[in-house]
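The following paragraphs guide the reader through a protein chain, from a sheet to helix packing and then to individual residues. Please keep the sequence and the structure in view while reading.

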Amino acid sequence: MMNIVPGGGTAPSPATRGEGATVRRDGSGRPRRRTALRHHRVAAPIASGAAGALALGILVTALPAAAAPAPDCATAYPVADLGAGMAVHGLTVSRGTTPEAFTGELIGVLKDGIGPGLDMIVADLDSPAIDAAGGIWQGMSGSPVYAEDGRLIGAVAYGLAWGGSPVAGITPFEDMQGYLGVAAAAPTVEIGPRMAARIAAETEVTTSQAARGLAQLPMPVGVSGVDLGRADKAATARGSALIGADSYRIGRSSGSSAATVDTVVAGGNVAAVLSYGDVTLAGIGTATSVCGDRVVAFGHPMSFTGRTRLGLAAADALYVQEDPLGVPFKVANLGELGGTVTDDRLAGIAGTLGPVPTSAVVTSKVAYEGRSRAGSTEVLHRSALADVTLLGALANHDRVVDGIIAGSQTQSWTIKGTVSGEPFVLRYADRYRSGYDIGFDGVFDLATVVDRLSTRPGVKVTAVTNDVRTRDAKHTYRVVKIQQRSEGRWRDVTDRTAKVRAGATLKLRTTLQGSDGSTRTVREDVKIPKSLRGTSGSATIVGGNRVWDDFSGPRTFAEMKTLLRTNLRNDEVGLSLRIGRGKAAFERERTSDPLPRVVGGQQSVTVKVVG
């Protein structure tokens with residue numbers, strides 16, 4: 001295809017790049033060789049008319065005119081025709097939504113550098129923003145790199161493993177055009193001594209630094225709506241791999257201030273979105289090419305999930321943050337959702353502008369001392385459902401309570417969805433208590449249930465609601481004594497033997513000791529069949545749910561449904577009675593009404609049935 005330039009017509013023919021060179025010094029005073037081409041800027045793409053094509057203007061000082069790159073339906077430059085020393089230029093965003101130019105020079109091509117049959121192109125890039133940040137940055141992934149004739153070479157996707165550097169690994173656009181199938185991931189690329197020496201000779205990077213290889217530019221999940229430290233701690237406690245110490249802060253704009261999807265152009269910001277709302281989870285990078293309603297971006301995977309359904313959104317960059325201990329990173333607000341990411345592949349992500357994926361809605365309602373708030377998040381990919389359930393409750397609790405407090409809370413859950421296409425509604429309620437941080441300690445059970453359900457075959461969760469009421473009260477009860485009603489009085493039988501006549505009623509009373517010195521009793525009566533004459537067994541009184549991982553046990557939807565119906569709440573007392581052996585054994589389970597406090601402790605008694 002022909003490249004389009006402003007005003008119509010075809011692009012000018014390729015021109016020979018300047019031969020002049022400049023030498024400047026970095027902060028250490030060491031000479032740094034750069035070709036004169038480095039200091040010329042290329043204008044950002046300009047939106048055209050109704051056809052939706054994008055044109056690119058060129059602004060060059062003391063440089064022969066070159067063909068404009070075609071950011072819309074770009075033509076790929078063959079990797080086989082690339083050579084060391086070729087001048088390149090590209091587009092990216094360091095602030096706002098308008099792409100800015102950078103320039104560069106190719107260092108070489110690493111054959112099979114990313115994967116079998118997938119080469120990596122290595123270049124030395126330059127712009128005022130790159131210089132200011134100390135190198136290419138996280139969020140620059142996908143930035144298109146063009147040859148002088150306007151054809152698209154590829155996308156910035158890798159940087160030197162040791163940290164910030166202008167040396168970039170570029171994923172060939174030839175391979176991104178096909179959106180790639182499944183291939184083996186290559187997070188780190190060895191560049192070999194010859195390439196390391198070439199990088200060191202042409203940049204300020206030392207040979208030892210270059211020898212460490214190229215690594216995918218970080219693409220951790222960006223998080224908004226919850227403190228990063230608390231999010232990392234909570235995700236670690238839950239065993240989640242989605243959010244970690246490398247997650248970073250993003251923002252979310254709405255209304256007239258939000259970046260719109262018409263800013264998703266070659267070199268512009270683009271995001272792959274897992275959730276959107278109170279808790280937004282997304283990876284923000286750069287669009288490489290837009291063709292009609294299709295977008296290809298990043299130059300490397302988001303999570304390497306192959307065929308997928310993520311939200312596609314615009315973003316507005318605030319600035320690029322230097323990081324002396326790692327890779328610089330872009331700070332941005334997520335903008336308008338306007339499409340679906342359909343492919344998450346080795347050479348990049350691809351998506352379609354237009355409708356967004358169907359979402360599951362996670363709602364958290366928190367009340368405390370007359371204040372209340374209802375927060376909601378749309379979850380676009382089920383891998384984020386459990387994390388959003390956990391973080392949404394934590395973030396909303398922190399917002400309403402406005403502090404880390406000891407206390408207690410009651411929770412009421414409602415989970416809706418379908419199993420094998422048939423609708424279901426599951427409900428459960430419980431009480432939690434913490435001596436330090438009730439907002440944190442109370443969030444895990446529901447997240448575990450949602451995780452188990454959302455990962456079961458045939459189960460689709462469509463809505464999760466958690467109604468939380470928090471109080472400062474933190475006193476508890478503990479099971480301390482079991483008494484038996486016998487011969488008109490209550491006798492202490494804790495760790496002793498309770499004798500009961502066959503055909504009579506076993507009357508037991510449990511004493512609960514409050515952490516504030518108060519006491520309370522719970523009574524359970526069980527009719528003993530005459531057929532048990534001469535047998536024995538035991539009765540165990542348990543305070544609350546003493547097995548924290550109950551909710552992680554069910555392997556099927558039916559098992560989870562049963563557990564939610566029969567599970568012993570944290571504020572209940574449970575009696576487990578078993579008399580006799582084998583299949584003929586007499587077994588009874590009794591549960592008290594919910595108590596106003598969380599209950600702990602356990603006591604047992606031997607039961608002997610006499611004639």
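Predicted model: local features only at pLDDT ≥ 70, side-chain atom pairs only at ≥ 80, totals over all residues.

Val-542 stands opposite Gly-574 in strand 33. Residues are numbered from 1 along each chain as its sequence is written, and side-chain values use heavy atoms, with hydrogens and water left out. Helices (H or I, at least four residues) and strands (E, at least two) are DSSP runs, numbered from the N terminus.

Strand 32 (residues 536-543) also pairs with strand 36 (residues 602-610), in the antiparallel sense and over 7 bridges. Within this pairing, Ser-536 stands opposite Lys-608, and the bridge partner of Ile-541 is Gln-603.

For the chain as a whole, the secondary structure comes to 9 helices and 36 strands. Of its 611 residues, 56% count as buried, where buried means under 20% relative accessible area, exposed over 50%, and partly exposed in between (1.4 Å probe, protein chains only). Contact is defined as heavy atoms within 4.5 Å. Among contacts between residues at least 6 apart in sequence, 70% join residues at least 24 apart.

Attention now turns to the helices. Two packed helices are described by the angle between their axes and the distance between the axes. The axes are lines fitted to C-alpha atoms, for helices over the stretch in contact, and angles run from 0 to 180 degrees between N-to-C directions. How many residues of helix 8 are buried? Helix 8 is mostly covered, with 10 of its 11 residues buried. Among these buried residues are Phe-444, Leu-446, Val-450 and Ser-454.

Helix 8 (residues 444-454) packs against helix 5 (residues 228-238) at an angle of about 55°, with the axes 11 Å apart. The two helices are therefore oblique to each other; angles under 35 degrees count as roughly parallel, over 145 as roughly antiparallel, 65 to 115 as roughly perpendicular and the rest as oblique. Helix 5 passes helix 8 in a right-handed crossing. A crossing is left-handed if the near helix is turned anticlockwise from the far one by less than a right angle, and right-handed if clockwise. Ala-234, Ala-237 and Arg-238 in helix 5 meet Phe-444, Ala-447 and Asp-451 in helix 8. By class, this contact has 4 nonpolar, no polar and 2 charged residues. Here Ala, Val, Leu, Ile, Met, Phe, Trp, Tyr, Cys and Pro count as nonpolar, Asp, Glu, Lys and Arg as charged, and the others, Gly among them, as polar.

Helix 8 also meets helix 9 (residues 557-566), and their axes come within 10 Å and cross at roughly 155°. Helix 8 and helix 9 are therefore roughly antiparallel to each other, and their crossing is left-handed. On helix 8, Val-449, Arg-452 and Leu-453 meet Phe-557, Met-560 and Leu-564 of helix 9. The contact of helix 8 with helix 9 has 5 nonpolar, no polar and 1 charged residues.

Some individual residues complete the picture. Asp-112, in strand 6 (residues 100-115), has a positive phi of about 55° although it is not a glycine. At 46% relative accessibility, Asp-112 counts as partly exposed. Lys-111, also placed in strand 6, is exposed, with a relative accessible area of 59%. The C-alpha atoms of Lys-111 and Ile-121, 10 residues apart along the chain, are separated by 8.6 Å.

Glu-369 is another residue other than glycine with a positive phi, near 50°. Glu-369 lies in the loop between strand 22 (360-368) and strand 23 (371-379) and is exposed, with a relative accessible area of 53%.

Ala-129 lies in helix 1 (residues 128-133). Leaving aside residues up to four places away in sequence, Ala-129 touches Ser-94, Glu-100 and Trp-137. Ala-129 and Ser-94 are 35 residues apart along the chain, and their C-alpha atoms are separated by 6.8 Å.

Terms used
Pairing = 2+ DSSP bridges.
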